Amino acid sequence: MPPKLRAVFEENKVTTSIVYMHVIKKGSNVLRDRVKKMREGSMSLETELTRRNHQIVVMEDSLNVLKQRLQSCSRSPKQAQVDGALQAKLDASERRVKELEHDVSVLQKKVAVDAKLAKQAAAAAVREQESLHRQLIVQTADMEDKDKCVFCQCHSTT
């Protein structure tokens, strides 16, 4: 094979390898970024859930204390008024607990849905990466076939 032609073939092989390596690296970086974003979202939801659970526990404790105080008190007209105010606070706290329990339930469902979506996205990313890999293999084989044809044409003319 003439030296000039050999140099062109070698340059084509190196260029092709570099392009394919770049395509694979870019695809894997995109996947890593997607997974990272999904993990961060999941972590923030879990943190919010933990915080809300803590609030519920604190409110339940204060609710129990209020119930005990209410039971241990003797009732005078002033005390009945105070008890009424405490009962109103208790009712408000119970409503807030129910709201927080509902929020926790919603957040738990959201975490479950987000986790499912993250798994689906990761699976799709893996499928996409496998598809790119298959394309790379096919294109590499096509390039080698073309190189062989050019090589054969060069030898048949000399």
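## Charged pairs in the model

At 40% relative accessibility, Glu128 counts as partly exposed, a class that lies between buried (under 20% relative accessible area) and exposed (over 50%), judged with a 1.4 Å probe and protein chains only. This is a predicted model, in which local features need pLDDT of at least 70 and side-chain atom pairs count only at pLDDT 80 or more, while totals for chains, interfaces and linings use all residues. Residues are numbered from 1 along each chain as its sequence is written, and side-chain values use heavy atoms, leaving out hydrogens and water.

The protein has two helices and zero strands, where helices (H or I, at least four residues) and strands (E, at least two) are DSSP runs numbered from the N terminus. The structure holds six salt bridges, each being a side-chain nitrogen of Lys or Arg within 4 Å of a carboxyl oxygen of Asp or Glu. Three of these pairs are set out here.

| Salt bridge | N to O distance |
|---|---|
| Arg34 and Glu128 | 3.9 Å |
| Glu48 and Arg52 | 2.9 Å |
| Asp114 and Lys110 | 3.4 Å |

The salt bridge of Arg34 with Glu128 links distant parts of the chain, since Arg34 lies in helix α1 (residues 3–72) and Glu128 in helix α2 (residues 77–157), 94 residues apart. Glu48 and Arg52, by contrast, both lie in helix α1, four residues apart, about one turn of the helix; Glu48 is partly exposed at 23% relative accessibility, whereas Arg52, at 17%, is buried. Glu48 and Arg52 also belong to a network of salt bridges that includes Arg51 and Asp103.
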